[in-house]
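Colleague: I am new to this structure and would like to go through some local details. Could you show it to me?

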Amino acid sequence: MERSHRLRDIRSLSEQEIADLVKELGQPAFRAKQICEWLFAKQAGSFDEMTNIPKKLREQLAEHFTFATPTEAAKQVSHDGSRKYLLEFSDGTSVETVGMPSRGKLSVCVSTQAGCAMGCAFCATGMGGLKRSLTAREIVDQVIHVARDFDERVTSVVFMGQGEPFVNMDATIEALRMLNDPNGMAIGARHLTVSTCGVIPGIKRFAELPEQFTLAISLHSAIQSTRNKLMPGVKKYTLPRLHEAIQAYVEKTGRRPTYEFAMIDGVNDTNPEMEALIDFCQGTLCHVNLIPLNDTPNALLKPSPMKKVETLQKRLQMHGVEATIRNSRGSDIDAACGQLQQRLSAQQKA
Ligand code: SAH
Ligand code: SF4
């Protein structure tokens, strides 16, 4: 164990570095191509899996390199087939990841940070503060872990687990590109979705990317004072500025952003709240996802009654705004972000 900490993750080597290494070990050049295929196309998790590589060479590689893949600290399986994992990295930091199968497709929800500094009132992750940001490799490894656990190809990834992707922007973009790489996991850009709480510099940078990645924005209220209370971490990115940044994104990309709106009883489901949301959306290219609030660490916040959720959906549609009601998956397995981790740490303390 001690030793593997000191060894370098072989997957951090470039194809050129692997070619040089193979040459150095006196092996024919085609071995480099085989090794790269195992590492990047087949997402191998150990040298033993590289069955067409001579055992001697595999042993030589293992002397110098390791696979710094995360370990599964916990797993919950839902009645609806979704699986939630607590994955632990080599420094002991852990994050949550969810795999959601549906009609031959497999969607993965990844974390971009361990914890989060944004402090949203309804979010279990926000309660604990930020531990650290993840590397691109650590984000991609979550997807690989789920693909291997289901033994299926991952068809889409949402960056909606723990953390705020746009305060870990470089790693987020690098991870998106690794997932999109035709020689790697080859997941279509449109099937890669990043959710932000509204970090404007991140939205601007996202709009400049040549790839057609999908953008989701956690709105939760179109009234400034309510939004400030619910999402104190993005107070400085005010609603008018957010609206402007999103319109610039739409103009630049022609793509339809999604607004996430978790409906909270008596907080953002009142008549003025509904009117403000309609105003924010009307006449713009967007799609609203209405989500009945999941259990939260804040006992004062309760989900809106379903009737109100349906009313808001109808009112948005009447004004020409696309809106769907998203039922949270895996509600029997601590589905909302941060809940599994919270429960485990509570158990550990008990
Ligand atoms: N930090 C990013 C992405 C991770 S959070 C963001 O905030 O967008 C993923 C989504 O889960 C966000 O839309 C967030 O608002 C939502 N969420 C967090 N806690 C929730 C809860 N208790 N009920 C419903 N949605 C919740
Ligand atoms: Fe962070 Fe998103 Fe949770 Fe807010 S909702 S605390 S931004 S993870």
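**Loops, helices and a ligand**

Modeller: Ala186 has a relative accessibility of 33%, so this residue counts as partly exposed. Please keep in mind that this is a predicted model.

Colleague: Where does Ala186 lie?

Modeller: Ala186 is in the loop between H7 and strand E10 (192–196). Its phi is near 55 degrees, a positive value in a residue other than glycine.

Colleague: What is the phi of Gln43?

Modeller: Gln43 has a positive phi of about 50 degrees, although Gln43 is not a glycine. This residue sits in the loop between H3 and helix H4 (55–64).

Colleague: Is Gln43 buried or exposed?

Modeller: Gln43 is buried, because its relative accessible area is 13%, and the cut-off for buried is under 20%.

Colleague: Which helix holds Ala41?

Modeller: Ala41 belongs to helix H3, which covers residues 30–41. With 38% relative accessibility, Ala41 counts as partly exposed.

Colleague: Which residues does Ala41 touch, leaving out those up to four places away in sequence?

Modeller: Ala41 touches Cys36, Asn183 and Gly184.

Colleague: Let us turn to H7 and H8. At what angle do their axes cross?

Modeller: The axes of helix H7 (residues 169–180) and helix H8 (residues 200–208) cross at roughly 30 degrees and come within 11 Å. That angle makes H7 roughly parallel to H8, because angles under 35 degrees count as roughly parallel. The crossing of H7 and H8 is right-handed.

Colleague: Which residues meet there?

Modeller: From H7, Met169, Asp170, Ile173 and Leu176 meet Gly202, Arg205 and Phe206 of H8. By class, this contact of H7 with H8 has four nonpolar, one polar and two charged residues.

Colleague: And H11, which of its residues are buried?

Modeller: In helix H11 (residues 271–281), the buried residues are Glu273, Met274, Ala276, Leu277, Ile278, Phe280 and Cys281.

Colleague: What do the buried residues of H11 pack against?

Modeller: They pack against helices H9 (224–230), H10 (239–253) and H12 (306–318), and against strands E12 (258–263) and E13 (287–292). Just after H11, Gly283 takes a positive phi of about 80 degrees.

Colleague: One last topic: which residues are around ligand 2?

Modeller: Ligand 2 has Cys116, Met118, Gly119, Cys120, Phe122, Cys123, Gly126, Gly163 and Cys197 around it. By class, this shell has six nonpolar, three polar and no charged residues.

Definitions and conventions. Residues numbered from 1 in each chain as written. Chains lettered and ligands numbered in written order. Predicted model: local features only at pLDDT ≥ 70, side-chain atom pairs only at ≥ 80, totals over all residues. Heavy atoms only, no water. Axes fitted to C-alpha atoms, helices over the stretch in contact; angles between N-to-C directions. Helix = DSSP H or I, 4+ residues; strand = E, 2+ residues; numbered from the N terminus. Parallel < 35°, antiparallel > 145°, perpendicular 65-115°, else oblique. Left-handed = near helix turned anticlockwise from the far one by under 90°. Contact = heavy atoms within 4.5 Å. Nonpolar A, V, L, I, M, F, W, Y, C, P; charged D, E, K, R; others polar. Buried < 20%, exposed > 50% of the residue type's maximum accessible area, 1.4 Å probe, protein only. Near = heavy atom within 4 Å.
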